[in-house]
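I opened the model today and kept short notes. Here is what I looked up, entry by entry.

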Amino acid sequence: MNLLKNFWYDEAGLVMSAELVVLGTVGVLGATVGLSAASTAINDEMVEFSEAIRSLDQSYHIEGHQSCRAWSASSSYGQQDVAVSLADLCGQIEEAEGTVDKRSHLKRQAPPKSKELRKKMEEKKRKNKSKKKKNEA
């Protein structure tokens, strides 16, 4: 018990209040800067992750089958071009962050609608067929 009493009344290792204020200020500033850096790093990683997920191609085509009296319909899905999707995603991120350049924003076009995509795909098919015919001849 005497040992605790001696420690309680011992003032040889007393830290001045000014030193405590300085240490506290440095600690709070360090924590603030560290949390800000962590927040920025996490945000950048989330942006990269969203771009990586959007880059996955989900297009597919399943041929139909017909025999005797049974049949199954074909099915397909053509995903929007990845470059267009990423440009659209980057535009949305820039708008959210408020870093949109007025001139570049005017140049960016909205992604095409499904009817426009069908027309483009049909045109590509026609061009490919004509090229095949030319190559065969």
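Predicted model: local features only at pLDDT ≥ 70, side-chain atom pairs only at ≥ 80, totals over all residues.

**Entry 1: helix 3, length.** I needed one rule to start: the expected span of a helix is 1.5 Å times one less than its number of residues. Helix 3 covers residues 82–97, which makes 16 residues. Its span should therefore be 22 Å. I looked up the end C-alpha atoms and found them 22 Å apart, which agrees.

**Entry 2: helix 3, surroundings.** Which residues of helix 3 are buried? I noted S85, L89, G91 and I93. I then asked what the buried residues of helix 3 pack against. The partner is helix 2, residues 17–54. After helix 3 comes G98. The phi of G98 is positive, near 75 degrees.

**Entry 3: the whole chain.** I stepped back and listed the elements. The protein has five helices and four strands. From the N terminus, I read their order as α-α-β-β-β-β-α-α-α. The chain has 137 residues, and 4% of them count as buried. I put the accessible surface at about 12700 Å², with 59% of it belonging to carbon and sulfur atoms. I also checked contacts between residues at least 6 apart in sequence: 40% of them join residues at least 24 apart.

**Entry 4: Q79.** I went to the loop between strand 4 (75–77) and helix 3, where Q79 is found. Is Q79 buried or exposed? Its relative accessible area is 13%, and the cut-off for buried is under 20%, so Q79 is buried. Next I looked at its polar side-chain atoms. One of them lies 3.3 Å from the backbone oxygen of L56. The Q79 side chain also reaches the backbone nitrogen of Q58, at 2.5 Å. Leaving out residues up to four places away in sequence, I listed what Q79 touches: R54, L56, D57, Q58 and S59.

**Entry 5: the salt bridge.** How many salt bridges does the structure hold? I found one. The side chains of R126 and E122 meet in it, at 3.9 Å from N to O. Both residues sit in helix 5, residues 114–136. They are four residues apart there, so about one helical turn separates them. I checked how open each partner is. R126 has 56% relative accessibility and counts as exposed. E122 has 42% and counts as partly exposed.

**Entry 6: C68.** I looked at phi next. Most residues other than glycine have a negative phi. C68 has a positive one, near 50 degrees, and is not a glycine. I placed C68 in the loop between strand 2 (65–67) and strand 3 (70–72). Its relative accessibility is 85%; exposed means over 50%, so C68 counts as exposed.

**Entry 7: a nonpolar patch.** Which residues make the nonpolar surface patch of about 560 Å²? I wrote down M1, L3, L4 and F7. I followed up on one of them, L4, which lies in helix 1, residues 2–9. The relative accessible area of L4 is 58%, so L4 is exposed.

Key: Residues numbered from 1 in each chain as written. Heavy atoms only, no water. Helix = DSSP H or I, 4+ residues; strand = E, 2+ residues; numbered from the N terminus. Buried < 20%, exposed > 50% of the residue type's maximum accessible area, 1.4 Å probe, protein only. Contact = heavy atoms within 4.5 Å. Areas by Shrake-Rupley, 256 points an atom, 1.4 Å probe, with all protein chains shown as cover. Patch = residues over 30% accessible without salt bridge, like charges linked within 9 Å, V, L, I, M, F, W, Y side chains within 5 Å. Salt bridge = Lys/Arg side-chain N within 4 Å of Asp/Glu carboxyl O. Polar contact = N/O pair within 3.5 Å; in protein donor to acceptor, adjacent residues only side chain to side chain.
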